[in-house]
Amino acid sequence: MNYYEPLLLTPGPTPVPNEINHALGLPMVGHRSPDFEIIAKKAFNNLKTIFGTDNEVMILTSSGTSVLESSMLNIVNPDDHFVVIVSGAFGNRFKQIAETYYTNVHIYNVEWGQPVDVNDFMTYLSHLEHTITAVFTQFCETSTAVLHPVAELGKALKLFNQAIYFIVDGVSCIGAVDVDLKRDYIDVLVSGSQKAIMLPPGLAFVAYSNRALQRFQEVTTPRFYLNLNKYFDSLQQDSTPFTPNVGLFRAVNAYADLINAEGFENTIKRHYIIRDGLRAALRALDLELLVEDDFASPTVTSFIPIDKDELTHIKSTLKTKFNITIAGGQGKLKGKILRIGHMGKVSPFDILAVVSALEVILTDYRQTNYIGQGITKFSEVIHSEA
Ligand SMILES: *Cc1c(COP(=O)(O)O)cnc(C)c1O
């Protein structure tokens, strides 16, 4: 028997708290019934806090990619010119969606592992020959573990040209970061259920500015399931246009209860403390970090083992010996980095476990004594920041 409890530390899906699992197991109700309307109304409202908006948040029954796609189809007209910032695998996904539907797509490439440099980006925009309708970016680029300076970018865009729509993919950080649609000049902010919101996969969320809502009605790009006007019309009736995942809607409300009990500011703080502790621990184990401190995401951390053999050994031994699952790299970082997810239901002690396991694995593999080194650094950070 394996004495180690399974520990899922991927950047989505995440472990799911018991309270949420309980909500998922309640008896089904009809989705066209007052029973569901009560659940739905609560869910639309409950999500406002973590998205930093006064508008009720739309909920689609589909994975995160669906709202990447719908944010584009509902903001960009067929002939518009717009910019996609690509800094990793999920930026590439925005790019692929863009190139599926549109011809006037401008790609701004950022080196993987780096944040967007806002000044450079604004210089790039000012040199484009076309008027731009919208800019799309990730908030946390999950494939590199960078948190982009979205608030700074939003302000700069607003100063540059009031008319530009700013669309942000927050799939892997909403629920763990401070964001405010008005303050940060974000028009559309999307996320999914299985990352920092610690639900099972299957729901996707759209928060929007009033100006974006207006735009959704004017845009002519064809779309059906992803037509956000349908979701907004239904939302006003405490309903959804198509059959929703009723259990997951209940789970949204169970999630909100947990966040309210912890206090959302504390939830954010917990993620940052864990990030800082883990980074100190990895450094103590001579594991190089891909991302600089200033732009490191509070939800996922990427590190660079010495070579591919060490990388494979770490990932597989964590799983076989300690029952801990972490993630590899994606796209051009595949085989180069490992990623530890620490979003949603993670406690400092969960991370202490993976640090301790890494000490054991590296001590054997490198024939260097790391025992106690990572966990000491980790605990020092937890002690000083908590
Ligand atoms: C996971 C993720 C997505 C895609 O979500 P799916 O639910 O897999 O469709 C999009 N963007 C980012 C930043 C992600 O981390």
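## Close-up views of a predicted model

**View 1. Ser 191 sits in strand 9.** Welcome to the first stop in this predicted model. The strand that holds Ser 191 runs over residues 188–192. Is Ser 191 buried or exposed? Ser 191 counts as buried because its relative accessible area is 0%, and the limit for that word is under 20%. Look next for the backbone oxygen of Gly 170: the side chain of Ser 191 reaches this atom at 3.2 Å.

**View 2. Thirteen residues, written 13 in the count, surround the ligand.** Which residues are the closest? They are Ser 63, Thr 65, Thr 142, Asp 169 and Lys 195. Two helices, helix 4 (64–73) and helix 5 (89–101), each supply at least two residues of this shell. Helix 4 gives the largest share, three residues.

View 3. How much of the ligand does the protein bury? On its own the ligand exposes 390 Å², and the protein buries 90% of that.

**View 4. The largest nonpolar core has 97 residues.** In soluble globular proteins, nonpolar side chains tend to be buried together. Here, the residues with the most contacts inside the core are Met 58, Met 72, Phe 82 and Phe 121. Helix 10, residues 246–262, gives the most to this core, with eight residues. Another core, of 30 residues, lies apart from the largest one; among its members are Leu 9, Ile 273, Phe 303 and Ala 357.

**View 5. Met 72 and its contacts.** What does Met 72 touch, once neighbours within four places in sequence are set aside? Its partners are Phe 82, Val 84, Phe 94, Ile 97, Ala 98, Tyr 102 and Phe 136. You have already met Met 72 and Phe 82 among the residues with the most contacts inside the largest core.

**View 6. Thr 144 lies in a loop between two strands.** Strand 6 (140–141) comes on one side of this loop and strand 7 (146–147) on the other. Thr 144 counts as buried because its relative accessibility is 0%. Its side chain reaches the backbone nitrogen of Val 146 at 3.3 Å. Leaving out residues up to four places away in sequence, Thr 144 touches Ser 87, Trp 112, Gly 113, Leu 290, Val 291, Ser 302 and Leu 333.

**View 7. His 22 belongs to helix 1.** This helix covers residues 18–24. His 22 counts as exposed because its relative accessibility is 54%, and the limit for that word is over 50%. How far apart are His 22 and Gly 329? They are separated by 307 residues in sequence and by 33 Å in space, from C-alpha to C-alpha.

**View 8. An annotated domain spans residues 28–330.** The unreviewed UniProt entry labels this stretch "Aminotransferase class V". Over residues 28–330 the chain is 43% helix and 17% strand, and the C-alpha atoms at its ends are 38 Å apart.

Key
Residues numbered from 1 in each chain as written. Predicted model: local features only at pLDDT ≥ 70, side-chain atom pairs only at ≥ 80, totals over all residues. Heavy atoms only, no water. Helix = DSSP H or I, 4+ residues; strand = E, 2+ residues; numbered from the N terminus. Buried < 20%, exposed > 50% of the residue type's maximum accessible area, 1.4 Å probe, protein only. Polar contact = N/O pair within 3.5 Å; in protein donor to acceptor, adjacent residues only side chain to side chain. UniProt positions renumbered as here; feature names shortened; annotations may be inferred. Core = buried A, V, L, I, M, F, W, Y, C linked by side-chain atoms within 4.5 Å. Contact = heavy atoms within 4.5 Å. Near = heavy atom within 4 Å. Areas by Shrake-Rupley, 256 points an atom, 1.4 Å probe, with all protein chains shown as cover.
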